[in-house]
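Reader: Please take one part and give me a close look. Keep it brisk, and state the cut-offs as you go.

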Amino acid sequence: MTNQAQAQAQAEPQAPRADNGVNVDALLTARAALTEAPEGARFKWRATSQWVNGTQSRATVDGFFGLGAEQCHRRTFEFDTDHPEIFAATDNGATPVEYVLVGLAGCLSAGIASVAQYRNIQLRSVRATLEAGMDLQGVLGIDDNVRNGFDGIKVHYDIDADATPEQIAALVAQSQKRSAVFDIVTNPTDVSVTSSKV
Amino acid sequence: MSPSGRATDVVVIGGGHCGLAMSHALSQRSVDHVVIERGEVANAWRTERWDSLRLLTPNWMCRLPGQAYDGRDPDGYMSAADVAGFITRYAARVRAPVAARTTVLRVTTMDEGYRVQTDRGDWSCRAIVLANGACARPALPQLAADVPASVAQWTAKSYRRTADLSPGGVLVVGASATGLQLALEIQKSGRQVLLATGEHVRMPRLYRGRDIQWWLLASGVLDQRIEEMDDPMRARRLPSPQLVGSTERTTLDLNAVRQHGVEVCGRLSGIRGKRALFSGSLRNVCALADLKMNRLLDGFDAWARGQGMDREVADIRRDRATEVAASPRLGVDLGCDVRTIVWATGYRPDYGWLDVPVFDRRGNLRHDRGVVDAPGLYVLGLPFLRKRKSSFIHGAEDDVSEIAAHLFGHLDRAAGLTRRGDPVLT
């Protein structure tokens with residue numbers, strides 16, 4: 001626990017502790033441990049994907065590397081990606097670009113819950129609405145001046161919490177500052193794609 | 001000790017305001033010492049600042065132990081030459097034993113103390129105070145190495161005036177006090193400026209009719225101690241607030257520079273070939289800075305109410321939120337649209353000559369609030385070393401008095417004389 005949080009807890013023994021289901025003490029302990037042992041902080045996230053048919057693929061996520069060892073999720077997660085029927089596709093899953101929005105929302109909301117817990121703010125509901133613009137002239141090769149990806153992403157949060165509007169704005173701002181997916185979509189990342197014949 | 005070597009109790013490295021304030025404290029206790037200065041006293045203020053620079057603190061705040069500002073413009077802001085004059089007068093006033101034009105080449109441990117090799121002979125001593133400044137070398141991001149050769153590069157340390165820049169667009173990287181001041185000055189010289197903006201600290205020059213530095217000092221913010229901070233590392237890394245010292249006492253923020261035509265874009269996040277890429281996080285860093293500024297000012301309002309000062313200061317008025325273009329630029333071609341880059345990305349101290357194992361794996365000096373992790377070795381003048389004001393000129397007084405107390409204890413122990421009642425640093 002930090003000095004400030006300790007002082008707060010001592011000053012207001014009656015103040016109820018917020019419970020957003022985030023174990024902040026564990027996060028702070030991990031932060032301290034990884035400061036001392038930075039090699040444990042180097043993680044590798046993994047996914048595999050198997051083409052099914054047409055524009056459909058099935059991705060699988062089960063293991064990752066972190067804290068110096070191979071780690072496993074509690075179970076294997078599967079995700080179907082496909083394209084909607086207006087593209088003459090089978091629509092057996094969300095489009096890959098929608099998964100990017102799913103990842104961004106998941107990351108920001110996790111951040112909001114964690115920061116709120118740390119700041120002792122009780123959340124009741126956190127609803128994110130995301131919209132990304134995309135000009136298909138890019139992916140369809142109609143106009144080289146149009147990029148393939150999003151021309152922008154808009155995220156809106158409706159949050160019900162024991163907090164002032166400024167505190168809520170600060171939660172949302174801080175979660176962006178510490179979000180991995182926000183960083184991934186706002187900054188360039190070096191991508192290497194290789195292949196081999198099997 | 002080498003035949004040419006001289007012995008003293010304490011070697012102070014650096015004849016700036018911190019080194020001289022320490023010299024004053026040592027003289028008051030009659031501790032034998034020397035202040036080694038590579039140039040003349042206040043060297044960096046004479047030779048390493050851009051022409052238009054003024055202090056971010058008003059004159060009335062500038063004080064050193066035993067010397068207050070006594071000029072006729074207490075609300076003004078000193079130029080670099082004014083600061084050099086102020087420090088030079090101080091050196092004379094406290095009769096500092098300065099060895100000028102002397103460059104330290106190497107410091108090593110020796111017996112119960114240290115050996116200081118310089119280009120003018122060696123010194124042996126029992127304690128060393130590193131007072132050679134926090135702004136020894138510009139801190140450039142790694143991606144600076146990827147800048148095409150066709151682009152001229154300057155740093156806040158090498159830049160002097162707009163006339164030295166070639167014509168054409170300029171990318172200023174960094175939105176602290178330095179970045180905003182240089183962006184505005186260069187834009188006014190007729191060159192289109194692009195300002196790459198990451199996390200920054202926004203503050204109005206005047207709040208409720210008083211200088212923001214008055215509020216920071218009076219309300220106790222500048223006296224906050226590093227051990228009170230939740231995240232000391234972060235507190236020490238905080239960039240300097242967007243401020244400028246001007247006769248008009250104007251506020252310098254992103255809205256102001258945009259009004260003059262500066263284009264504000266996100267943090268410089270990569271260079272691919274000839275293209276510089278900017279982060280899409282501009283809106284958030286602006287929102288963060290606005291929120292933090294308003295929290296700070298809310299704190300000042302509450303403090304003023306508590307002091308019963310509400311009617312002594314002007315009414316509450318807040319600047320409008322930072323405006324961000326509808327679609328901030330995400331990239332620019334280097335070499336055509338941008339001919340020059342000015343790095344305003346901060347500074348790091350330089351202890352390259354310090355051959356004592358006191359550095360962590362990142363190369364940072366290992367110290368606890370100025371007490372370095374080697375007996376008798378101390379450091380002064382780093383950002384938030386002990387208090388938030390540590391790196392200000394007026395911040396030297398408290399730090400020097402506390403660190404000198406520790407140093408005297410060390411000298412006494414080294415001499416085997418444990419005097420009772422000496423101040424003990426906790």
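Author: Two residues are in contact if their C-beta atoms, placed from the backbone, lie within 7 Å. By that rule, eight residues of domain 1 of chain A touch 13 residues of domain 2 of chain A. This is a predicted model, where local features need pLDDT of at least 70 and side-chain atom pairs count only at pLDDT 80 or more, while totals for chains, interfaces and linings use all residues. Residues are numbered from 1 along each chain as its sequence is written, and chains are lettered from A and ligands numbered from 1 in the order in which they are written.

Now the two domains. Domain 1 of chain A covers 18–94 and domain 2 covers 95–187; these bounds come from an automatic or database domain assignment. Their centres, taken over C-alpha atoms, are 17 Å apart. On the side of domain 1 of chain A that touches domain 2 of chain A, five residues are nonpolar, three are polar and none is charged. Here Ala, Val, Leu, Ile, Met, Phe, Trp, Tyr, Cys and Pro count as nonpolar, Asp, Glu, Lys and Arg as charged, and the others, Gly among them, as polar.

Next, the chain around that contact. Chain A holds five helices and six strands. These are DSSP runs, numbered from the N terminus: helices are H or I with at least four residues, strands are E with at least two. Along the sequence the order is α-α-β-β-β-β-α-β-β-α-α.

Then the overall form. The C-alpha trace of chain A spans about 65 × 40 × 30 Å along its principal axes. Its radius of gyration is 21 Å, whereas a compact globule of 198 residues would have one near 16 Å. That radius is taken over C-alpha atoms, and the globule rule is 2.2 Å times the number of residues to the power 0.38.

Burial comes next. Of the 198 residues of chain A, 14% are buried. The test for buried is 20 or more other C-beta atoms within 10 Å of the residue's own; exposed means 12 or fewer, partly exposed lies in between, and C-beta atoms are placed from the backbone.

Last, the reach of the contacts. Take those in chain A between residues at least 6 apart in sequence: 50% of them join residues at least 24 apart.

Back to the part itself. Domain 1 of chain A brings eight residues to the contact and domain 2 of chain A brings 13. On the domain 1 side, no residue is charged.
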